[in-house]
Amino acid sequence: MYKKTIILIIASFIMGAIIGSCSNPPYSQSTYTINNPIDGIYTLNCSVYEGFPDDSLYIDILHGDERIAQITKQYRDYNYPQNILFLFEHDSNKFYYIEFEQTEYIISTRKSKYFDSKQTDFRIDPDYYNISNYKKLSELLNENTTAQIITDKFSSCNCDSKGILELMNYYKDSKESTT
């Protein structure tokens with residue numbers, strides 16, 4: 001009986017902490033902008049939440065009046081986007097490049113039937129996601145833009161295009177290996 005009581009008390013404490021952390025106000029909030037010569041100004045509204053079970057960072061990204069993405073990161077990965085660029089539009093879905101301190105992503109404004117999963121953010125790293133989705137993302141990039149456009153756009157914004165060009169070549173390389 002004693003063990004059951006202790007287990008119930010611990011379970012109640014954990015559930016209370018979970019419910020309490022969901023309703024806590026943000027630990028901190030900030031807004032900043034990223035400006036690039038091609039796209040103009042992006043506004044980022046950031047909220048940090050501390051609590052059980054995880055500390056989180058929420059980033060709402062706006063371009064003009066349009067909300068293009070909401071990114072959720074674990075507190076331990078706590079860093080803000082440094083660069084944002086519009087890449088292309090496909091089937092009324094806009095794709096953006098977002099660069100963090102140590103990672104690069106392609107973000108889409110809505111979920112796409114094009115991919116196996118319903119994700120909207122893709123880390124530019126072939127080992128990080130489903131190979132099929134990575135290959136499809138590479139194919140989508142090649143269908144909607146060129147390496148020269150990417151190089152010129154990234155150069156204008158002082159961004160390193162190496163990662164995204166490797167992603168574009170992923171589809172080309174896999175296509176050549178099957179022929």
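## Salt bridges

A salt bridge is a side-chain nitrogen of Lys or Arg within 4 Å of a carboxyl oxygen of Asp or Glu. Side chains of opposite charge can pair when their charged atoms come close. In this predicted model, two salt bridges are present.

One joins Arg67 to Asp60, with 2.9 Å between the closest N and O atoms. That distance meets the definition because the limit is 4 Å. Arg67 has a relative accessible area of 48% and is partly exposed. Asp60 is also partly exposed, at 22% relative accessibility.

The other salt bridge pairs Lys94 with Glu66, and here the closest N and O atoms lie 3.2 Å apart. Lys94 is partly exposed at 23% relative accessibility, and Glu66 is partly exposed with a relative accessible area of 30%.

## Helix H2

Helix H2 covers residues 131-144, which is 14 residues.

Which residues of H2 are buried? They are Asn133, Tyr134, Leu137, Ser138, Leu140 and Leu141. These residues cover an arc of only 160° around the axis, and therefore they lie on the same side of H2.

## Positive phi values

Most residues other than glycine have a negative phi. Asp91 is not a glycine, yet has a positive phi of about 50°. Asp91 sits in the loop between strand S5 (83-90) and S6. With a relative accessible area of 60%, Asp91 is exposed.

Asn158 is another non-glycine residue with a positive phi, in this case near 55°. The loop between helix H3 (147-156) and helix H4 (162-177) holds Asn158. Is Asn158 buried or exposed? At 73% relative accessibility, Asn158 counts as exposed.

## Cysteines

A disulfide is a covalent bond between the sulfur atoms of two cysteines. The model contains zero disulfides.

Cys157 is buried, with a relative accessible area of 9%. Cys46 is buried too, with a relative accessible area of 2%.

## Confidence

The mean pLDDT of the protein is 78, and 66% of the residues score at least 70. Confidence is highest in helix H3, with a mean of 94, and lowest in helix H1 (residues 2-23), with a mean of 52.

Over residues 16-21, pLDDT stays under 50. For this stretch the model has five contacts beyond four places in sequence.

Notes:
Residues are numbered from 1 along each chain as its sequence is written. This is a predicted model: local features need pLDDT of at least 70, side-chain atom pairs count only at pLDDT 80 or more; totals for chains, interfaces and linings use all residues. Side-chain values use heavy atoms; hydrogens and water are left out. Helices (H or I, at least four residues) and strands (E, at least two) are DSSP runs, numbered from the N terminus. The expected span of a helix is 1.5 Å times one less than its number of residues. Buried means under 20% relative accessible area, exposed over 50%, partly exposed in between (1.4 Å probe, protein chains only). The arc is that of the directions from the helix axis to the C-beta atoms. pLDDT is the predictor's confidence in each residue, from 0 to 100. Contact means heavy atoms within 4.5 Å. A disulfide is a pair of cysteine sulfur atoms within 2.5 Å.
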